[in-house]
Amino acid sequence: MQRVLTANQMREAEVAAQDKHGMPSGLLMENAGRALAEAARSVAGPGGRFTVLCGPGNNGGDGLVAARFLLEGGGRVVVALVGDSEKLTPEAKRNLQALEGFGESPRAFEALPEAGPGDVVVDALFGTGLKRAPEGIFADAIGTVARWRRAGAKVVAADVPSGLQSDTAEPFSPCVEADVTVAFGFVKPAHELEPGASLCGDVRRVDIGLGGESTRAVSGAELFRVEEKDAREALPKRRADSHKGTYGHVLVVAGSPGKTGAAAMVALSALRSGAGLVTVATRPEALPWVMAHSPEIMGVPLPGEGPLGKGDLEALKAALEGKDALVMGPGIPRGPETGALIGDLLASVEVPAVLDADALNAVAEDLKVLRDAKGPVLLTPHPGEMARLWGRTTKDVQAHRVGVALNLATSLNCTVVLKGSRTLIAEAGGRVFINPTGNAGMATGGTGDVLSGVCGALLAQGIPLPKAAWTAVYAHGLAGDLMAQQRGMMGLIATDLLIGLGHVWTRWER
């Protein structure tokens, strides 16, 4: 796992590195500036000029160090101090003096030469502490950076592009769009979450001397970026003497007339993700259509008709006997009693349960029904479903994804998968995992049903939450990425992911 730090946590880590581990603040800045210079050189064209824009804070100091290293390497460098030079931090002032010792004095921002193809603009205006939209000369500078980038210059940002909020990944206006962002010490939420991730370009994390020990002192939620190695190693090894009972039996409560495909995709993805057995429970009129999708799907009819309600409790309890995981929600017929039914069912059985789609919409009417669950519960909402669960708008959810997911997980003592670009997995204990896989081609009906099946299969195989959740999300996104490489994003459909999952498991088994 790669640790992700908020702006405040980064400051705490720096203080810990200095006070507890003897790392001088000047050396941290020196290391950051050196890495920034190396990144700038890597994208410069032959004979290109380096234009370094420095603000008055420590980010500006990083830029001054980078300018000095670029000069030492023989580069053509021009530097501008934007803002009040009297507000330079002590370390930035020291590095300004060192730069002037190389014969380069900062120029007025308005007097800088134009930048174009082959040139590199180093954005060191603002760091992680920006709290409001850039104004005045800072806004003018960001607008100029945008013009130079349109003209063909490359932009390299120090830590985060100026104008981007480090903790929320939301941009102020204006905001720099970078080709490369050099993340100092640890990646930040802005590097991992959208829309910030797209504005950062190629994120290059560099060690500046903080060390892993420094993160032990930080407070607040723990954020991590899931790596492929983490997901691969979470899968159980398949023993030579195993049988279908070894890998669990998933009960899928899904589907209704006109929505039988949802149930079939959940079942098929569970089978394609290693579950030994999968049974679908649905209304009698829907069951033949579900089972017709594959001979491997077993079925049990839920007697009665219409929306699921309390009258289905005993039938569902009977269907869960001998099962190792429950997936409930996609395509179910929902009515006024469905939420209470789900609560009663979860309070009476101990198997891990995945709630998706209309199961989420049903419990959103009264979240208290989830608090008496005997077994572990995984909720997998998309932003619209999360808005209903949280009682806010979808826009609010998207603007506070980490906080919303964590709040729901901790308040309900469950694991929450908030789907979307850079899907989040939040656990009740206060950790949030950011998934880097997936693509816009997966924005199509049914991909969430496939994810629910993968989650159910991994839970049935004994992988505990939240590990099963972030492993499933990573594999699901990677399956989409691999299939997009073959078929393009435009034509990707949910059932393509069933093929993609096979590619993922093959890749990981190797």
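1. Pro117 touches Ala151, Gly152 and Ala153, leaving out residues up to four places away in sequence. Pro117 itself sits in the loop between H4 and strand E4, which covers 120-124. Its C-alpha lies 8.6 Å from the C-alpha of Arg149, a residue 32 places away in sequence. Pro117 has a relative accessible area of 65% and is therefore exposed, the cut-off being over 50%. The model under review is a predicted one.

2. On the chain as a whole: its secondary structure comes to 19 helices and 17 strands. The C-alpha trace spans about 85 × 45 × 40 Å along the principal axes. For 510 residues a compact globule would have a radius of gyration near 24 Å, and the 26 Å of the chain agrees with that. Of the 510 residues, 57% count as buried.

3. Among contacts between residues at least 6 apart in sequence, 72% join residues at least 24 apart.

4. Ser166 belongs to the loop between strand E5 (154-158) and strand E6 (180-184). Is Ser166 buried or exposed? Its relative accessible area is 2%, and buried means under 20%, so Ser166 is buried. With neighbours within four places in sequence left aside, Ser166 is in contact with Ala7, Thr128 and Val160, and also with Lys188, Pro189 and Ala190.

5. Gly75 is placed in the loop between H3 and strand E3 (76-81). Not counting residues up to four places away in sequence, Gly75 touches Phe50 and Leu70. Glu314 is 239 residues from Gly75 along the chain, and the C-alpha atoms of the two are separated by 76 Å.

6. In general, a pair of packed helices is described by the angle between the axes and by the distance between them.

7. Helix H3 (residues 58-72) packs with helix H4 (residues 90-100) at an angle of about 20°, and their axes are 8 Å apart. Because angles under 35 degrees count as roughly parallel, H3 is roughly parallel to H4. The crossing of H3 and H4 is left-handed.

8. Which residues of H3 and H4 meet? From H3 come Gly61, Leu64, Val65, Ala67, Arg68 and Leu71, and from H4 come Ala92, Asn95, Leu96, Ala98 and Leu99. By class, this contact of H3 with H4 has 8 nonpolar, 2 polar and 1 charged residues.

9. Helix H18 (residues 467-487) and helix H19 (residues 496-509) pack with their axes 8 Å apart, at an angle of about 110°. That angle falls in the range of 65 to 115 degrees, so H18 and H19 are roughly perpendicular to each other.

10. The contact of H18 with H19 can be listed helix by helix. On the H18 side, the residues are Thr471, Tyr474, Ala475, His476, Leu478, Ala479, Gly480, Leu482, Met483, Gln486 and Arg487. On the H19 side, they are Asp496, Leu497, Ile499, Gly500, Leu501, His503, Val504, Trp505, Arg507 and Trp508. Sorted by class, the contact of H18 with H19 has 12 nonpolar, 6 polar and 3 charged residues.

Definitions and conventions
Residues numbered from 1 in each chain as written. Predicted model: local features only at pLDDT ≥ 70, side-chain atom pairs only at ≥ 80, totals over all residues. Heavy atoms only, no water. Axes fitted to C-alpha atoms, helices over the stretch in contact; angles between N-to-C directions. Helix = DSSP H or I, 4+ residues; strand = E, 2+ residues; numbered from the N terminus. Parallel < 35°, antiparallel > 145°, perpendicular 65-115°, else oblique. Left-handed = near helix turned anticlockwise from the far one by under 90°. Contact = heavy atoms within 4.5 Å. Nonpolar A, V, L, I, M, F, W, Y, C, P; charged D, E, K, R; others polar. Rg over C-alpha atoms; globule rule 2.2 N^0.38 Å. Buried < 20%, exposed > 50% of the residue type's maximum accessible area, 1.4 Å probe, protein only.
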